Amino acid sequence: VTARSRISRVTVTPVAFADPPLLNVVGVHQPFALRAVLELHTDTGLIGLGETYADETHLARLDAVAAELPGHDPYDLDGLRRLVARMLASGESGRAGASFGGMLDVDSALDTVYSPFEVACLDLQGHEAGRPMSDLLGGRVRDRVAFSGYLFYKWDRHPGQSPDEWGEALGPDQIVTQARRMVDGWGFGSLKLKGGVLPPEEECAAIEALRDAFPGLPLRLDPNGAWTPETSLRVANRLAGVVEYLEDPTPGIAGMAQVSAGTDVPLATNMCVIAFEHLPPAIASDAVQVVLSDHHLWGGLRRSMLLGGITETFGLGLSMHSNSHLGISLAAMVHLAAASPHLTYACDTHYPWKTEDLIEPGGLEFVDGSVTVPTTPGLGVTLDRDRLGELHEQYLSCGVRRREDTVYMQEIQPDFRPNTSRW
Ligand code: GKR
Ligand code: MG
């Protein structure tokens, strides 16, 4: 293989995979989560993989970029970013199309559209060089990446379906049972509870039950902005010394700064700092002490490395955010975490919640809550084409075309309103 390889063909395949009824501030997960799988082929026979959101608007943009890519040099990442910017400028709206279930309002689509193409180009570079992706990001600073077990309030089934293997979790005892399963099955050494579902007192009681059941295990609570600053301070007082951080207790940089000024409990975010331009005001007002990176949202792996450097410079902690995802994304997250010197917390992952995947098994296993960083070329995962085909068929037949937690919840509970700033 020569260094002159060029991208010759690109495919973007939307897929749907079964997702349990996980509850959150804006509603409940639909029966299927969507992702798009990118395959970049080169004229030298290599394939680079990427994974991203698959809401319809986002898919249309991915397709537009894909059509322009043949002939592009997979090493020319700046050129790729300019190409994506050009394609977006020629479309109707530059705002990100991925709806994030209604939780995030992302200003620009550039980072979210560029990201999976960058990952796929880096995968190609790794295959060409015969080096794992973490080497392309500066080298591994750790051989294993620790994740936290991600707990959710949930129903035992989607309406009309039979109960799932996790069962219902609507109170402290059931959350502890869910946590046991996570810890016993995957070995997680820290736990995060997705809140914003029940009144804060009940969510605090669940965290306290977890503390009693797993003494010493680091805990986090993330209500996705369901509380006012006053409530957030009450919760912070109650959970001081119990949680390692509170994640997005209240919406916005100003609200978070108000909470931060009144507590020593570290505040983390994947909601009010979601782009580089949010860092200066957040840092100036000491609004957050921990930023959750997410390469899907922050413009790929290299920009996520840059984010890591900025957090280190300004004395912020760094953790990693996750939405429902499949194995290609997990591999990219693992390589990024492996190459990030200043990663100060275990990363989030939704991975245990999925029952279907499209990579060949064996590459990424959770042992003691950690995934060993692949050392084979590129991402180190191989696409299972039969599974890709099946999950694409499932996309075509399932009827879900974008993530809509609130709409789905209102089909089941018509009077439901998002809990943002409710308490
Ligand atoms: O999947 O329900 C969910 C989560 O609430 C997710 O959408 C969030 O983006 O995991 C996320 C978070 O940490 O805020
Ligand atoms: Mg969060």
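A cavity is a set of grid points where a 1.4 Å probe fits but cannot get out. The views below come from a predicted model.

**View 1. Ligand 1 in its cavity.** Ligand 1 sits in the second largest cavity. Two elements each give two or more residues to the shell around ligand 1: β6 (144-152) and β7 (191-194). The shell counts 16 residues, and Asn 24, His 29, Tyr 150, Asn 224 and His 321 come nearest.

**View 2. Polar side chains at ligand 1.** Tyr 150 places a polar side-chain atom 2.4 Å from an oxygen atom of ligand 1. For Lys 192, a polar side-chain atom lies 2.8 Å from an oxygen atom of the ligand. For Asn 224, that distance is 2.7 Å. Taken alone, ligand 1 exposes 350 Å². The protein buries 98% of that area.

**View 3. A network of salt bridges.** Side chains of opposite charge can pair when their charged atoms come close. The structure holds 24 salt bridges. One network of them links Lys 192, Lys 194, Arg 220, Asp 222, Glu 244, Glu 247 and Asp 348. Lys 192 in this network also has a polar side-chain atom 2.8 Å from an oxygen atom of ligand 1.

**View 4. Glu 39 and Arg 385.** These two residues form a salt bridge, with their closest N and O atoms 2.5 Å apart. The pair links distant parts of the chain, 346 residues apart. Glu 39 is in strand β4 (residues 32-42), and Arg 385 is in helix α12 (residues 385-398). Is Glu 39 buried or exposed? Glu 39 has a relative accessible area of 4%, so Glu 39 is buried; the cut-off is under 20%. Arg 385 has 43% and is partly exposed.

**View 5. Asp 111 and Arg 303.** Here the side chains of Asp 111 and Arg 303 meet in a salt bridge, at 3.5 Å from N to O. Asp 111 lies in helix α3 (residues 110-129) and Arg 303 in helix α10 (residues 300-313), so the bridge ties together parts that are 192 residues apart in sequence. Asp 111 counts as buried at 15% relative accessibility. Arg 303 counts as partly exposed at 25%.

**View 6. Arg 403 and Asp 405.** The side chains of Arg 403 and Asp 405 meet in a salt bridge, at 2.8 Å from N to O. What is the relative accessible area of Asp 405? The value is 0%, so Asp 405 is buried.

Conventions:
Residues are numbered from 1 along each chain as its sequence is written. Chains are lettered from A and ligands numbered from 1 in the order in which they are written. This is a predicted model: local features need pLDDT of at least 70, side-chain atom pairs count only at pLDDT 80 or more; totals for chains, interfaces and linings use all residues. Side-chain values use heavy atoms; hydrogens and water are left out. A salt bridge is a side-chain nitrogen of Lys or Arg within 4 Å of a carboxyl oxygen of Asp or Glu. Helices (H or I, at least four residues) and strands (E, at least two) are DSSP runs, numbered from the N terminus. Buried means under 20% relative accessible area, exposed over 50%, partly exposed in between (1.4 Å probe, protein chains only). A residue is near a molecule or strand if one of its heavy atoms lies within 4 Å of it. A polar contact is a pair of N or O atoms within 3.5 Å; within protein, one must be able to donate a hydrogen and the other to accept it, and residues adjacent in sequence count only if both atoms are side-chain atoms. Accessible areas come from the Shrake-Rupley method with a 1.4 Å probe; for residues, only the protein chains shown count as cover. On a 1 Å grid over the protein atoms alone, a cavity is a set of points where a 1.4 Å probe fits but cannot get out, and a pocket is an open set with protein on both sides within 12 Å along at least five of seven lines; lining residues have an atom within 4 Å of a point. A molecule sits in a cavity or pocket if more than half of its atoms lie within 2 Å of its grid points.
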